[in-house]
Amino acid sequence: KKASIGVTGLAVMGRNLARNLARHGHTVALHNRSEQRTRDLVEQFGDEGEFIPTYSAQEFVDALERPRKLVIMVKAGAPTDAVIEEFAPLLEEGDVIVDAGNAHFADTRRREAALRERGLHFVGTGVSGGEEGALHGPSIMPGGSKESYESLGPLFESISAKVDGDPCCTHIGPDGAGHFVKMVHNGIEYSDMQLIAESFDLLRGALGYEPGQIAEVFRTWNTGRLDSYLIEITAEVLAHTDAATGKPFVDIVTDQAEQKGTGRWTVQIGLDLGVPISGIAEAVFARSLSGSADLRAASRGLPGPTRAPLTGAAAETFADDVERALYASKIVAYAQGFNQIQAGGAEYGWDIDLGALAAIWRGGCIIRAKFLDDIRAAYAAEPGLPTLLTAGDFRKAVEDAQDAWRSVISTAVRLGIPTPGFSTALAYYDGLRAERLPAALVQGQRDFFGAHTYRRVDREGSFHTRWAEDGRPEAGA
Ligand code: 6PG
(Lines give C-alpha, C1' and ligand atoms only; values in the text may rest on other atoms or scores of the structure.)
Protein backbone atom coordinates (compact mmCIF):
# COMPACT_ATOMS: atom_id res chain seq x y z
CA LYS A 1 0.00 0.00 0.00
CA LYS A 2 1.18 3.48 -0.84
CA ALA A 3 0.88 6.63 1.27
CA SER A 4 -1.71 9.32 0.47
CA ILE A 5 0.68 11.98 1.68
CA GLY A 6 4.24 12.32 2.98
CA VAL A 7 5.88 14.60 5.50
CA THR A 8 9.57 15.47 5.41
CA GLY A 9 11.04 17.42 8.30
CA LEU A 10 9.93 15.73 11.51
CA ALA A 11 10.73 18.31 14.17
CA VAL A 12 7.78 18.99 16.42
CA MET A 13 5.53 20.76 13.87
CA GLY A 14 6.15 18.19 11.13
CA ARG A 15 5.80 15.31 13.53
CA ASN A 16 2.50 16.59 14.86
CA LEU A 17 1.09 17.21 11.38
CA ALA A 18 2.08 13.67 10.36
CA ARG A 19 0.42 12.23 13.48
CA ASN A 20 -2.71 14.31 12.90
CA LEU A 21 -2.93 12.98 9.32
CA ALA A 22 -2.45 9.37 10.46
CA ARG A 23 -5.01 9.76 13.23
CA HIS A 24 -7.50 10.77 10.55
CA GLY A 25 -6.99 7.55 8.65
CA HIS A 26 -4.48 8.71 6.06
CA THR A 27 -1.41 6.62 5.36
CA VAL A 28 1.58 8.89 5.87
CA ALA A 29 5.09 8.43 4.49
CA LEU A 30 7.77 9.83 6.78
CA HIS A 31 11.17 11.26 6.00
CA ASN A 32 13.73 13.25 7.91
CA ARG A 33 17.31 14.25 7.23
CA SER A 34 18.53 12.41 10.30
CA GLU A 35 17.00 8.93 10.44
CA GLN A 36 16.63 8.88 14.19
CA ARG A 37 13.67 11.28 14.20
CA THR A 38 11.82 9.01 11.78
CA ARG A 39 12.49 5.94 13.91
CA ASP A 40 11.47 7.79 17.09
CA LEU A 41 8.17 8.86 15.59
CA VAL A 42 7.26 5.32 14.55
CA GLU A 43 8.40 3.90 17.84
CA GLN A 44 6.49 6.38 20.00
CA PHE A 45 3.38 6.99 17.93
CA GLY A 46 3.29 4.15 15.40
CA ASP A 47 0.06 2.80 16.84
CA GLU A 48 -1.83 6.04 16.11
CA GLY A 49 -2.27 5.18 12.43
CA GLU A 50 -0.50 3.95 9.32
CA PHE A 51 3.01 5.28 8.79
CA ILE A 52 5.52 4.31 6.14
CA PRO A 53 8.97 5.26 7.44
CA THR A 54 11.51 5.92 4.68
CA TYR A 55 15.23 6.56 4.83
CA SER A 56 16.14 8.12 1.50
CA ALA A 57 14.65 10.69 -0.82
CA GLN A 58 13.98 8.05 -3.48
CA GLU A 59 12.33 5.69 -1.00
CA PHE A 60 10.14 8.55 0.24
CA VAL A 61 9.02 9.51 -3.26
CA ASP A 62 8.37 5.86 -4.20
CA ALA A 63 6.17 5.39 -1.15
CA LEU A 64 3.68 8.04 -2.32
CA GLU A 65 0.61 7.39 -4.48
CA ARG A 66 0.17 9.62 -7.52
CA PRO A 67 -0.25 12.51 -7.83
CA ARG A 68 2.31 12.58 -5.05
CA LYS A 69 1.69 15.00 -2.22
CA LEU A 70 4.65 15.77 -0.03
CA VAL A 71 4.70 18.25 2.79
CA ILE A 72 7.92 20.03 3.66
CA MET A 73 8.16 21.21 7.25
CA VAL A 74 11.65 22.65 7.64
CA LYS A 75 13.08 26.00 8.70
CA ALA A 76 12.01 28.76 6.31
CA GLY A 77 14.66 30.12 3.96
CA ALA A 78 17.62 28.26 2.46
CA PRO A 79 16.71 24.88 4.05
CA THR A 80 13.40 24.95 2.15
CA ASP A 81 15.17 25.52 -1.18
CA ALA A 82 17.59 22.70 -0.38
CA VAL A 83 14.78 20.24 0.34
CA ILE A 84 12.88 21.27 -2.79
CA GLU A 85 16.01 20.64 -4.87
CA GLU A 86 16.43 17.26 -3.23
CA PHE A 87 12.95 16.06 -4.18
CA ALA A 88 11.88 17.96 -7.30
CA PRO A 89 14.14 15.97 -9.68
CA LEU A 90 12.55 12.71 -8.45
CA LEU A 91 8.96 13.85 -9.02
CA GLU A 92 6.68 13.57 -12.04
CA GLU A 93 4.32 15.97 -13.75
CA GLY A 94 1.31 16.87 -11.62
CA ASP A 95 2.92 16.00 -8.28
CA VAL A 96 2.40 18.48 -5.45
CA ILE A 97 5.03 19.90 -3.09
CA VAL A 98 3.60 21.65 -0.04
CA ASP A 99 5.64 24.08 2.04
CA ALA A 100 3.90 24.29 5.40
CA GLY A 101 6.57 26.44 7.08
CA ASN A 102 6.38 30.19 7.74
CA ALA A 103 7.93 31.16 4.38
CA HIS A 104 7.98 34.69 3.03
CA PHE A 105 5.30 34.87 0.32
CA ALA A 106 7.79 36.37 -2.16
CA ASP A 107 9.92 33.22 -1.82
CA THR A 108 6.79 31.15 -2.33
CA ARG A 109 5.94 33.04 -5.52
CA ARG A 110 9.47 32.46 -6.83
CA ARG A 111 9.41 28.76 -5.98
CA GLU A 112 5.93 28.26 -7.39
CA ALA A 113 6.87 29.84 -10.70
CA ALA A 114 10.06 27.79 -10.99
CA LEU A 115 8.35 24.50 -10.17
CA ARG A 116 5.40 25.24 -12.46
CA GLU A 117 7.92 25.41 -15.30
CA ARG A 118 8.94 21.89 -14.34
CA GLY A 119 5.34 20.63 -14.36
CA LEU A 120 5.04 20.49 -10.58
CA HIS A 121 2.55 22.15 -8.25
CA PHE A 122 3.99 24.12 -5.39
CA VAL A 123 1.66 25.00 -2.56
CA GLY A 124 2.80 27.51 0.05
CA THR A 125 0.57 26.86 3.03
CA GLY A 126 0.03 28.86 6.16
CA VAL A 127 -0.47 26.66 9.21
CA SER A 128 -1.43 28.30 12.47
CA GLY A 129 -2.02 26.97 15.95
CA GLY A 130 1.43 26.06 17.17
CA GLU A 131 2.39 22.52 18.18
CA GLU A 132 -0.95 21.74 19.77
CA GLY A 133 -2.84 22.99 16.75
CA ALA A 134 -0.72 20.92 14.37
CA LEU A 135 -1.68 17.82 16.33
CA HIS A 136 -5.31 18.50 17.23
CA GLY A 137 -6.50 20.76 14.42
CA PRO A 138 -4.77 23.84 13.02
CA SER A 139 -6.13 26.56 10.78
CA ILE A 140 -4.72 25.84 7.31
CA MET A 141 -4.24 28.43 4.56
CA PRO A 142 -3.10 26.81 1.31
CA GLY A 143 -2.11 28.88 -1.70
CA GLY A 144 -1.11 27.43 -5.06
CA SER A 145 -3.16 26.24 -8.03
CA LYS A 146 -6.86 25.36 -7.84
CA GLU A 147 -5.99 21.99 -9.30
CA SER A 148 -3.61 21.18 -6.46
CA TYR A 149 -6.35 21.97 -3.96
CA GLU A 150 -8.57 19.30 -5.53
CA SER A 151 -6.31 16.55 -4.23
CA LEU A 152 -4.93 18.34 -1.16
CA GLY A 153 -8.12 19.99 0.08
CA PRO A 154 -9.87 16.86 1.40
CA LEU A 155 -6.74 15.78 3.29
CA PHE A 156 -6.16 19.17 4.87
CA GLU A 157 -9.81 19.79 5.61
CA SER A 158 -9.97 16.46 7.45
CA ILE A 159 -7.16 17.41 9.85
CA SER A 160 -8.00 21.08 10.36
CA ALA A 161 -9.90 22.56 13.30
CA LYS A 162 -13.69 22.63 12.86
CA VAL A 163 -16.10 25.40 13.82
CA ASP A 164 -19.79 24.51 13.66
CA GLY A 165 -18.74 21.52 11.58
CA ASP A 166 -16.96 23.68 8.99
CA PRO A 167 -13.26 22.96 8.40
CA CYS A 168 -10.81 25.77 9.15
CA CYS A 169 -9.15 25.30 5.79
CA THR A 170 -9.93 26.81 2.41
CA HIS A 171 -8.06 27.50 -0.82
CA ILE A 172 -6.83 31.07 -0.36
CA GLY A 173 -5.64 31.87 -3.89
CA PRO A 174 -2.80 31.21 -6.35
CA ASP A 175 0.96 31.11 -5.70
CA GLY A 176 1.94 33.08 -2.56
CA ALA A 177 -1.60 33.92 -1.35
CA GLY A 178 -1.55 31.36 1.48
CA HIS A 179 1.73 32.51 2.93
CA PHE A 180 0.73 36.14 2.49
CA VAL A 181 -2.41 35.74 4.59
CA LYS A 182 -0.47 33.73 7.18
CA MET A 183 2.00 36.60 7.39
CA VAL A 184 -0.80 39.11 7.99
CA HIS A 185 -2.36 36.68 10.48
CA ASN A 186 0.86 36.95 12.45
CA GLY A 187 0.91 40.74 12.12
CA ILE A 188 -2.61 40.85 13.55
CA GLU A 189 -1.46 38.41 16.23
CA TYR A 190 1.32 40.86 17.23
CA SER A 191 -1.11 43.74 17.32
CA ASP A 192 -3.71 41.85 19.38
CA MET A 193 -1.04 40.69 21.85
CA GLN A 194 0.30 44.24 22.23
CA LEU A 195 -3.19 45.64 22.94
CA ILE A 196 -3.81 42.96 25.54
CA ALA A 197 -0.42 43.66 27.12
CA GLU A 198 -1.19 47.38 27.27
CA SER A 199 -4.53 46.60 28.94
CA PHE A 200 -2.65 44.66 31.61
CA ASP A 201 -0.20 47.52 32.09
CA LEU A 202 -3.07 50.02 32.40
CA LEU A 203 -4.95 47.95 34.97
CA ARG A 204 -1.80 47.56 36.98
CA GLY A 205 -0.49 51.13 36.61
CA ALA A 206 -3.77 53.02 36.98
CA LEU A 207 -5.57 50.78 39.48
CA GLY A 208 -2.66 49.11 41.24
CA TYR A 209 -4.12 45.63 40.58
CA GLU A 210 -1.96 42.55 41.13
CA PRO A 211 -1.46 40.11 38.23
CA GLY A 212 -3.83 37.61 39.85
CA GLN A 213 -6.61 40.21 40.00
CA ILE A 214 -5.98 41.18 36.41
CA ALA A 215 -6.23 37.50 35.44
CA GLU A 216 -9.75 37.57 36.90
CA VAL A 217 -10.62 40.67 34.87
CA PHE A 218 -9.45 38.92 31.69
CA ARG A 219 -11.42 35.80 32.62
CA THR A 220 -14.55 37.91 32.85
CA TRP A 221 -13.82 39.62 29.55
CA ASN A 222 -13.36 36.21 28.00
CA THR A 223 -17.02 35.42 28.63
CA GLY A 224 -18.11 38.36 26.45
CA ARG A 225 -17.34 39.80 23.03
CA LEU A 226 -13.58 39.58 23.65
CA ASP A 227 -13.85 35.77 23.95
CA SER A 228 -10.66 34.56 22.29
CA TYR A 229 -7.71 32.24 22.64
CA LEU A 230 -5.29 35.12 23.32
CA ILE A 231 -7.41 36.54 26.17
CA GLU A 232 -7.82 33.05 27.59
CA ILE A 233 -4.09 32.28 27.68
CA THR A 234 -3.34 35.79 28.97
CA ALA A 235 -5.47 35.06 32.03
CA GLU A 236 -3.59 31.80 32.53
CA VAL A 237 -0.18 33.43 32.23
CA LEU A 238 -1.17 36.20 34.66
CA ALA A 239 -2.56 33.75 37.20
CA HIS A 240 0.59 31.66 37.10
CA THR A 241 2.99 31.77 40.05
CA ASP A 242 6.67 31.10 39.47
CA ALA A 243 7.49 27.83 41.23
CA ALA A 244 11.07 28.86 42.08
CA THR A 245 10.30 32.20 43.76
CA GLY A 246 6.60 32.20 44.55
CA LYS A 247 6.30 35.50 42.69
CA PRO A 248 3.83 36.21 39.88
CA PHE A 249 5.31 34.60 36.79
CA VAL A 250 4.94 37.83 34.79
CA ASP A 251 7.27 39.60 37.25
CA ILE A 252 10.18 37.20 36.89
CA VAL A 253 10.28 37.24 33.06
CA THR A 254 12.70 39.63 31.34
CA ASP A 255 10.58 42.37 29.78
CA GLN A 256 12.14 42.16 26.32
CA ALA A 257 9.80 40.70 23.67
CA GLU A 258 11.43 38.70 20.92
CA GLN A 259 10.26 38.02 17.40
CA LYS A 260 11.03 35.62 14.63
CA GLY A 261 10.20 37.94 11.75
CA THR A 262 6.70 37.47 10.38
CA GLY A 263 5.43 40.63 12.11
CA ARG A 264 8.32 42.58 10.68
CA TRP A 265 7.58 41.23 7.19
CA THR A 266 3.96 42.31 7.54
CA VAL A 267 5.05 45.87 8.25
CA GLN A 268 7.65 45.88 5.47
CA ILE A 269 5.04 44.72 2.95
CA GLY A 270 2.51 47.16 4.38
CA LEU A 271 4.95 49.96 3.58
CA ASP A 272 5.51 48.61 0.07
CA LEU A 273 1.79 48.40 -0.58
CA GLY A 274 1.16 51.82 0.99
CA VAL A 275 -1.38 50.40 3.46
CA PRO A 276 -1.50 52.13 6.85
CA ILE A 277 -1.15 49.19 9.23
CA SER A 278 -0.04 51.41 12.09
CA GLY A 279 -1.35 49.04 14.79
CA ILE A 280 0.83 46.20 13.55
CA ALA A 281 3.79 48.54 13.09
CA GLU A 282 3.50 49.87 16.64
CA ALA A 283 3.33 46.32 17.96
CA VAL A 284 6.56 45.45 16.15
CA PHE A 285 8.22 48.68 17.31
CA ALA A 286 7.04 48.09 20.89
CA ARG A 287 8.87 44.74 20.81
CA SER A 288 11.97 46.45 19.41
CA LEU A 289 11.82 49.16 22.07
CA SER A 290 11.45 46.58 24.81
CA GLY A 291 14.51 44.79 23.51
CA SER A 292 16.67 47.94 23.26
CA ALA A 293 18.33 47.23 26.60
CA ASP A 294 21.11 49.83 26.41
CA LEU A 295 18.83 52.57 25.20
CA ARG A 296 16.37 51.80 27.97
CA ALA A 297 19.09 51.72 30.60
CA ALA A 298 20.36 55.11 29.43
CA SER A 299 16.84 56.56 29.52
CA ARG A 300 15.66 55.18 32.84
CA GLY A 301 16.25 58.43 34.78
CA LEU A 302 14.29 60.65 32.37
CA PRO A 303 11.54 62.70 34.04
CA GLY A 304 7.88 61.72 33.86
CA PRO A 305 4.63 62.57 35.65
CA THR A 306 4.10 61.54 39.26
CA ARG A 307 2.17 58.33 39.09
CA ALA A 308 -0.76 58.15 41.52
CA PRO A 309 -3.26 55.40 40.88
CA LEU A 310 -6.87 56.35 40.13
CA THR A 311 -9.32 56.56 43.01
CA GLY A 312 -13.06 56.96 43.51
CA ALA A 313 -15.47 56.99 40.60
CA ALA A 314 -12.67 57.11 38.03
CA ALA A 315 -11.23 53.91 39.43
CA GLU A 316 -14.60 52.18 39.48
CA THR A 317 -15.31 52.54 35.78
CA PHE A 318 -11.75 52.17 34.59
CA ALA A 319 -11.66 48.41 33.94
CA ASP A 320 -14.87 48.61 31.90
CA ASP A 321 -13.45 51.55 29.98
CA VAL A 322 -10.31 49.55 29.20
CA GLU A 323 -12.51 46.73 27.88
CA ARG A 324 -14.25 49.16 25.53
CA ALA A 325 -10.99 50.77 24.44
CA LEU A 326 -9.45 47.35 23.88
CA TYR A 327 -12.36 46.19 21.78
CA ALA A 328 -12.35 49.35 19.65
CA SER A 329 -8.58 49.17 19.16
CA LYS A 330 -8.87 45.52 18.25
CA ILE A 331 -11.42 46.34 15.56
CA VAL A 332 -8.91 48.84 14.15
CA ALA A 333 -6.11 46.24 14.20
CA TYR A 334 -8.18 43.71 12.29
CA ALA A 335 -9.56 46.36 9.93
CA GLN A 336 -5.97 47.31 9.03
CA GLY A 337 -4.89 43.70 8.56
CA PHE A 338 -7.84 42.85 6.33
CA ASN A 339 -7.19 46.00 4.29
CA GLN A 340 -3.63 44.84 3.79
CA ILE A 341 -4.90 41.50 2.51
CA GLN A 342 -7.26 43.33 0.16
CA ALA A 343 -4.34 45.40 -1.12
CA GLY A 344 -2.06 42.36 -1.49
CA GLY A 345 -4.82 40.52 -3.32
CA ALA A 346 -5.25 43.43 -5.74
CA GLU A 347 -1.50 43.79 -6.28
CA TYR A 348 -0.88 40.11 -7.01
CA GLY A 349 -4.25 39.21 -8.57
CA TRP A 350 -5.30 36.70 -5.93
CA ASP A 351 -9.04 37.34 -5.57
CA ILE A 352 -9.11 36.45 -1.86
CA ASP A 353 -12.51 35.84 -0.27
CA LEU A 354 -12.15 37.79 2.99
CA GLY A 355 -15.29 36.29 4.50
CA ALA A 356 -14.03 32.76 3.87
CA LEU A 357 -10.67 33.72 5.33
CA ALA A 358 -12.25 35.12 8.50
CA ALA A 359 -14.27 31.89 8.73
CA ILE A 360 -11.15 29.67 8.80
CA TRP A 361 -9.57 31.92 11.44
CA ARG A 362 -12.48 31.24 13.82
CA GLY A 363 -10.78 28.05 14.99
CA GLY A 364 -7.35 26.45 15.21
CA CYS A 365 -5.18 29.54 14.82
CA ILE A 366 -3.60 31.81 17.41
CA ILE A 367 -6.00 34.71 16.75
CA ARG A 368 -9.10 32.46 16.91
CA ALA A 369 -11.97 34.36 18.48
CA LYS A 370 -15.71 34.79 18.53
CA PHE A 371 -15.03 38.16 16.95
CA LEU A 372 -13.92 36.52 13.69
CA ASP A 373 -17.42 35.24 13.10
CA ASP A 374 -18.60 38.85 13.07
CA ILE A 375 -15.86 39.68 10.55
CA ARG A 376 -16.96 36.72 8.42
CA ALA A 377 -20.55 37.99 8.52
CA ALA A 378 -19.48 41.54 7.66
CA TYR A 379 -17.64 40.44 4.50
CA ALA A 380 -20.34 37.94 3.58
CA ALA A 381 -22.86 40.78 3.64
CA GLU A 382 -20.59 43.14 1.70
CA PRO A 383 -17.55 41.53 0.03
CA GLY A 384 -16.14 44.89 -1.09
CA LEU A 385 -16.46 46.50 2.35
CA PRO A 386 -13.88 49.35 2.41
CA THR A 387 -13.19 48.99 6.14
CA LEU A 388 -14.53 46.81 8.94
CA LEU A 389 -15.06 49.97 10.97
CA THR A 390 -18.18 50.86 9.01
CA ALA A 391 -19.81 47.42 9.25
CA GLY A 392 -22.96 47.50 11.44
CA ASP A 393 -21.90 45.94 14.73
CA PHE A 394 -18.35 47.26 14.61
CA ARG A 395 -19.53 50.77 13.88
CA LYS A 396 -21.81 50.53 16.87
CA ALA A 397 -19.00 49.21 19.10
CA VAL A 398 -16.66 52.07 18.22
CA GLU A 399 -19.51 54.50 18.73
CA ASP A 400 -20.18 53.08 22.20
CA ALA A 401 -16.44 53.17 22.95
CA GLN A 402 -15.89 56.85 22.11
CA ASP A 403 -15.72 58.25 25.65
CA ALA A 404 -14.00 55.22 27.15
CA TRP A 405 -11.39 54.96 24.40
CA ARG A 406 -10.42 58.63 24.73
CA SER A 407 -10.48 58.70 28.50
CA VAL A 408 -8.35 55.56 28.84
CA ILE A 409 -5.73 57.06 26.55
CA SER A 410 -5.80 60.39 28.42
CA THR A 411 -5.33 58.55 31.68
CA ALA A 412 -2.40 56.66 30.20
CA VAL A 413 -0.86 59.91 28.96
CA ARG A 414 -1.37 61.60 32.32
CA LEU A 415 0.14 58.72 34.28
CA GLY A 416 2.95 58.12 31.78
CA ILE A 417 1.88 54.58 30.88
CA PRO A 418 2.98 53.82 27.31
CA THR A 419 0.05 52.75 25.12
CA PRO A 420 1.34 52.86 21.54
CA GLY A 421 -1.23 50.32 20.37
CA PHE A 422 -4.29 52.03 21.84
CA SER A 423 -3.05 55.48 20.81
CA THR A 424 -2.24 54.63 17.21
CA ALA A 425 -5.57 52.84 16.82
CA LEU A 426 -7.45 55.95 17.90
CA ALA A 427 -5.28 58.25 15.77
CA TYR A 428 -5.98 56.02 12.75
CA TYR A 429 -9.69 56.12 13.50
CA ASP A 430 -9.73 59.91 13.86
CA GLY A 431 -7.62 60.22 10.72
CA LEU A 432 -10.03 58.13 8.68
CA ARG A 433 -13.13 59.97 9.77
CA ALA A 434 -11.65 63.49 9.45
CA GLU A 435 -13.37 65.83 7.04
CA ARG A 436 -10.05 67.52 6.16
CA LEU A 437 -6.53 66.37 7.00
CA PRO A 438 -3.41 68.55 7.34
CA ALA A 439 -2.09 66.57 4.37
CA ALA A 440 -3.12 69.63 2.36
CA LEU A 441 -0.44 71.59 4.20
CA VAL A 442 2.13 68.86 3.54
CA GLN A 443 1.31 69.15 -0.17
CA GLY A 444 1.89 72.92 0.10
CA GLN A 445 5.24 72.39 1.77
CA ARG A 446 6.28 69.89 -0.90
CA ASP A 447 5.30 72.29 -3.65
CA PHE A 448 7.12 75.17 -1.95
CA PHE A 449 10.50 73.53 -1.58
CA GLY A 450 10.48 71.08 -4.44
CA ALA A 451 7.83 72.19 -6.97
CA HIS A 452 6.28 68.76 -6.44
CA THR A 453 2.85 70.12 -7.48
CA TYR A 454 -0.55 69.65 -5.87
CA ARG A 455 -4.14 68.96 -6.90
CA ARG A 456 -6.96 71.38 -6.10
CA VAL A 457 -10.39 70.85 -4.64
CA ASP A 458 -11.98 73.16 -7.21
CA ARG A 459 -10.26 72.31 -10.50
CA GLU A 460 -8.93 69.24 -12.33
CA GLY A 461 -5.22 68.85 -13.06
CA SER A 462 -2.00 69.37 -11.15
CA PHE A 463 -0.67 72.77 -10.14
CA HIS A 464 2.46 74.52 -8.98
CA THR A 465 2.45 77.87 -7.24
CA ARG A 466 5.12 80.42 -8.23
CA TRP A 467 6.13 80.87 -4.60
CA ALA A 468 9.15 83.10 -5.23
CA GLU A 469 7.45 85.14 -7.95
CA ASP A 470 3.86 86.34 -8.07
CA GLY A 471 2.37 83.58 -5.84
CA ARG A 472 -0.04 82.52 -8.56
CA PRO A 473 -0.79 78.90 -9.46
CA GLU A 474 0.21 77.55 -12.84
CA ALA A 475 -0.68 74.21 -14.35
CA GLY A 476 2.01 71.81 -13.13
CA ALA A 477 4.10 69.35 -15.06
C1 6PG B 1 0.94 30.56 14.64
C2 6PG B 1 2.01 31.51 15.12
C3 6PG B 1 3.40 31.02 14.78
C4 6PG B 1 4.51 32.04 15.08
C5 6PG B 1 4.67 32.30 16.53
C6 6PG B 1 5.96 33.01 16.90
O7 6PG B 1 0.12 31.05 13.89
O8 6PG B 1 0.90 29.40 15.04
O9 6PG B 1 1.83 32.73 14.51
O10 6PG B 1 3.40 30.76 13.41
O11 6PG B 1 5.69 31.53 14.59
O12 6PG B 1 3.58 33.00 17.02
O13 6PG B 1 6.04 34.30 16.40
P14 6PG B 1 7.12 35.33 16.98
O15 6PG B 1 8.28 34.54 17.48
O16 6PG B 1 7.51 36.19 15.84
O17 6PG B 1 6.44 36.06 18.09
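Mentor: In this predicted model, helix H13 passes helix H19 in a right-handed crossing. H13 covers residues 278-291 and H19 covers residues 420-433. Their axes come within 9 Å and cross at roughly 160 degrees. Because angles over 145 degrees count as roughly antiparallel, H13 is described as roughly antiparallel to H19.

The residues that meet can be named on both sides. H13 contributes Ser 278, Gly 279, Glu 282 and Ala 286, while H19 contributes Pro 420, Thr 424 and Tyr 428. Sorted by class, this contact of H13 with H19 holds 3 nonpolar, 3 polar and 1 charged residues.

In general, two packed helices are described by the angle between their axes and by the distance between those axes. A second pair may be read in that way. Helix H8, residues 177-207, packs with helix H10, residues 229-239, at an angle of about 45 degrees, and the axes of H8 and H10 are 11 Å apart. That angle makes H8 oblique to H10. The crossing of H8 past H10 is right-handed. On the H8 side the contact is made by Glu 189, Asp 192, Met 193, Ile 196 and Phe 200; on the H10 side it is made by Leu 230, Ile 231, Thr 234 and Leu 238. The residues of this contact divide into 6 nonpolar, 1 polar and 2 charged.

An unreviewed UniProt entry lists residues 178-468 as "domain: 6-phosphogluconate dehydrogenase C-terminal".

Three of them, in the order S10-S11-S12, form an open sheet with antiparallel pairing. Its edge strands are S10 (454-455) and S12 (473-475), each of which pairs on one side only. Between S10 and S11, the latter spanning residues 462-465, there are 2 bridges. Tyr 454 has Phe 463 in S11 as its bridge partner.

Another open sheet is built from 7 strands in the order S3-S2-S1-S4-S5-S6-S7, and its pairing is mixed. Here the edge strands are S3 (51-53) and S7 (139-142), each pairing on one side only. With direction ignored, neighbouring strands of this sheet are turned by 25 degrees against each other on average. Within the sheet, S1 (residues 5-8) and S2 (residues 28-31) run parallel and are joined by 4 bridges. Ile 5 has Val 28 in S2 as its bridge partner.

Two details of the backbone complete the account. The peptide bond from Arg 66 to Pro 67 is cis, with omega near -5 degrees. Pro 67 lies in the loop between helix H3 (57-62) and strand S4 (69-72). The other detail concerns Asp 175, which is not a glycine but has a positive phi of about 30 degrees. Asp 175 is found in the loop between strand S9 (166-167) and H8, the helix that packs with H10.

Conventions: Residues numbered from 1 in each chain as written. Predicted model: local features only at pLDDT ≥ 70, side-chain atom pairs only at ≥ 80, totals over all residues. Heavy atoms only, no water. Axes fitted to C-alpha atoms, helices over the stretch in contact; angles between N-to-C directions. Parallel < 35°, antiparallel > 145°, perpendicular 65-115°, else oblique. Left-handed = near helix turned anticlockwise from the far one by under 90°. Contact = heavy atoms within 4.5 Å. Nonpolar A, V, L, I, M, F, W, Y, C, P; charged D, E, K, R; others polar. UniProt positions renumbered as here; feature names shortened; annotations may be inferred. Pairing = 2+ DSSP bridges.
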